[in-house]
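Here is a set of questions about what the labels on a structure really rest on. Have a look at the model first.

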2 protein chains.
Amino acid sequence: MSTERLVVVGGDAAAMTAASQARRARGDLEIIALEKGRYVSYAACGIPYYVGGLVESHESLLVRTPEQFKQKQNIDVRIGHEAIALRPAEAKVVVRALADGREYEEPYDQLLLAVGASSVRLELPGVDASGIYYMASIDDARAVRAVLERDRPKRAVIVGGGFVGMEMAEALRRWDVDVSIVGRAPQLMRNVDPDMGELVSGGLAKLGVHLYLGEAATAFEQTSGRVSAVVTQERTLPADMVILATGVRPNAGLATAAGIDIGPTGAIRVDDHLRTSAERVWAAGDCAETLQLVTGEPYWISSATVASKQGRVAGANITGGDATFAGTLGTAIVRAGSIEISRTGLQETELAGRNLRFATEKVDFITKPGYCPASEPMTVKLIAEVGSGRLLGGQIVGGAGAGMRINVVVTALQAGMTVDELEELDLAYSPPFSAVWDPLLLAARGLRAKV
Amino acid sequence: MSTERLVVVGGDAAAMTAASQARRARGDLEIIALEKGRYVSYAACGIPYYVGGLVESHESLLVRTPEQFKQKQNIDVRIGHEAIALRPAEAKVVVRALADGREYEEPYDQLLLAVGASSVRLELPGVDASGIYYMASIDDARAVRAVLERDRPKRAVIVGGGFVGMEMAEALRRWDVDVSIVGRAPQLMRNVDPDMGELVSGGLAKLGVHLYLGEAATAFEQTSGRVSAVVTQERTLPADMVILATGVRPNAGLATAAGIDIGPTGAIRVDDHLRTSAERVWAAGDCAETLQLVTGEPYWISSATVASKQGRVAGANITGGDATFAGTLGTAIVRAGSIEISRTGLQETELAGRNLRFATEKVDFITKPGYCPASEPMTVKLIAEVGSGRLLGGQIVGGAGAGMRINVVVTALQAGMTVDELEELDLAYSPPFSAVWDPLLLAARGLRAKV
């Protein structure tokens, strides 16, 4: 009897968490991981902090090397190996070894697709000039950090006002680069409502970042092949360096070509056990679709925590377990300079088209008692259903200590709490941590009167 | 028709919150507040931060003055007026004006007892020497701060290793005072389990505080009427200043003398509307008993948040409303130097005598990814019922960013969550805030396997 084999396509959070989980459950399984890049199991979310210099070496971001996976867990990690086609009917993957271009077929008993997401590519004149970077990989990060150290660029333009754009703005400001953000949307961070986005803009402005929102980049000017400016509909912004941070999309190409079902979000459709529509093929992480827990509808998010959790569930089920991944609230948190932004559940802009009566409450308060020197402004926005009082979502923008309070809203949402119940929470209080009335309780109180 | 009148006995959180709430509901009500001290509506929890110098002036701790209550809310606040007896049958309070010793009767239609708690007095030789302070009032705080500024004491001994003792240790270390804590219990903070208390001791030691635990103070030595040392069962500790922080007890004397029911905790018994056993007499804040939400049993806690919430409920009900205060989880948080300690629900030492099978899980992890320079150790302990998996309590000890995560456990407890549900929480993640696997999720995962 030959050994059963699991082939994992991908090498980061979902892939290697699943492989590790499968190894824990089944010592006898043959496990192969195919990663087209140079690195596996790296902390992609740490990239802006490495670029900014808060993290000294890129090696700190590497959680485990291929050699360590081999030695400690007997997992055969093949870097520089790209899966170029799937043949579910034959239970084979076609692989290309990038070093020599050799192609071969790898048979599997179980296959996990954990191929992640890719940056949205901009098709604009001049976009291939040097000095223009996507921030998708450790290699990208090393290139940008090297330029910052060596060339000390004076001006940078970031295209895209989402999470990565804001984190990169903070990172570049640490190198005293003059930073501008160009964003097609009229606000930063479309996963908060416009009124909260206004507060985020204020925070970025305090960090010295110039904002050009509601303006699309239309071209990149260059001098001797090197970028020199970003052209928008309104103006030309000189730039020694450009970061493209216009979002990511699930890598669904391999699955699509193999006839595997894709969901309405463009990601690979999976059930709550992370099975795809093809037999013995599973998907996890940024390439897979999930559900929004409040609506129960298909949802896609690029998230290291979702990927890690899905990796565990997939690894368990592949080895005969019965684990489930129910979905996500779309929880997110980001720091930009001195402000913290977090959100979970549904926001007003997502609720607009729905047949659901909702009310919102926004409270401007403080993180700590006013007599504490470290007291900072903190704005909380809560949304609940009119009638039932069921909580639907929350957003926070504020100073140090504000952001992580979103986890109270996360827990309340997953428990199906009403605003009445939220208002009664026995939240922790002492002056270094909070005011007597936590801003969340004040927001719940205000909202209660409206639902 | 004469005006209806509410008499409030007390002048801090519960008292003035209730008075304010009553005023909002009933513009016509006559409201009198009797406060025996000099200050009303002050932030008692801020005292250690004022003593430590983080808060410059004691006036910052005064939320509102008697004059402001009069002018803005037409509340007649009488400082220096002590209620010395209650006559519920006649609906009168006997009051003594401390300035001239005059006594008078004050009739009421509704009476709120919000008389707080008092320091446990030590009956030990030498305890009346000068240089020995309780930390119960703004006057105490001003006296200690004045001595720190003027005399620059070299050595202080704090008797009591609870919250206030620890906060005072931090405060005195800020003045470079050599600080020792003497505690009768074998651990600091008896509202965490001994294993977590060990971690707290480690944190205090790092702050340079000497700990003498499991040793009772037995006497105070003095030189010319001024304290010079604290004598314990084991040793004599020289001291230029002594802080007594051996806990507080509810002020139930007035109520007891008037025949009003006292609960098993020694505090005034109230129902969920905060009615006492006497007609038209209510109680709120540190003098009132409440329920432990996990057990449903009578419980007493000295807490500014509970007092404020009860004040609101009492004020609403006194004016014809129908509000309830369900109880508390005993949530608490404290900072001591660089460590944060928090707890909620039931701990092992409280569960020991009960007919309830429980399991515990303790996880040592980090507040942020290891590659972040500000990553700190964080230990989480969770407790759940075996069989049902119902969460029973949680405790956290760790560096900056650890403590407030207790609010996730608070919310989960109030929602009646199981550890399975806790493990599925979509908690916020990004490197400046948390590791990919939040320590709470790791603890829930470990506990799940045991329940």
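What follows is a run of questions and answers that set values against definitions.

Q: What kind of model is this, and which residues count for local features?
A: This is a predicted model, where local features need pLDDT of at least 70, side-chain atom pairs count only at pLDDT 80 or more, and totals for chains, interfaces and linings use all residues. Residues are numbered from 1 along each chain as its sequence is written, chains are lettered from A and ligands numbered from 1 in the order in which they are written, and side-chain values use heavy atoms, with hydrogens and water left out.

Q: Why is the contact of A:Arg38 and A:Asp139 called a salt bridge?
A: The term asks for a side-chain nitrogen of Lys or Arg within 4 Å of a carboxyl oxygen of Asp or Glu. For A:Arg38 and A:Asp139 the N to O distance is 2.5 Å, so the pair passes. A:Arg38 sits in the loop between β2 (30–35) and α2 (47–52) of chain A and A:Asp139 in helix α4 (residues 138–151), so the bridge ties together parts 101 residues apart in sequence. Helices (H or I, at least four residues) and strands (E, at least two) are DSSP runs, numbered from the N terminus.

Q: What makes A:Lys381 buried or exposed?
A: Buried means under 20% relative accessible area, exposed over 50%, and partly exposed in between (1.4 Å probe, protein chains only). A:Lys381 has 1%, so it counts as buried. Its salt-bridge partner at 3.1 Å (N to O) is A:Asp195, which at 25% is partly exposed.

Q: How do you know which side of α6(B) the buried residues are on?
A: B:Met196, B:Gly197, B:Val200, B:Ser201, B:Gly203 and B:Leu204 are buried in α6(B). They cover an arc of only 160 degrees around the axis, so they are on the same side of the helix; the arc is that of the directions from the helix axis to the C-beta atoms. On the other side, B:Glu198 and B:Lys206 are exposed. An α-helix has 3.6 residues a turn, so residues three or four places apart point the same way.

Q: Why is the relation of chain B to chain A called a two-fold axis?
A: A rotation of 180 degrees with 0.0 Å of shift along its axis superposes chain B on chain A, RMSD 0.0 Å. That is what a two-fold axis does.

Q: How many residues make the contact of chain B and chain A, and how many salt bridges cross the interface?
A: Contact means heavy atoms within 4.5 Å, and 53 residues from chain B and 53 residues from chain A take part.

Notes. Copies are superposed by least squares on the C-alpha atoms of residues with pLDDT of at least 70 in both.
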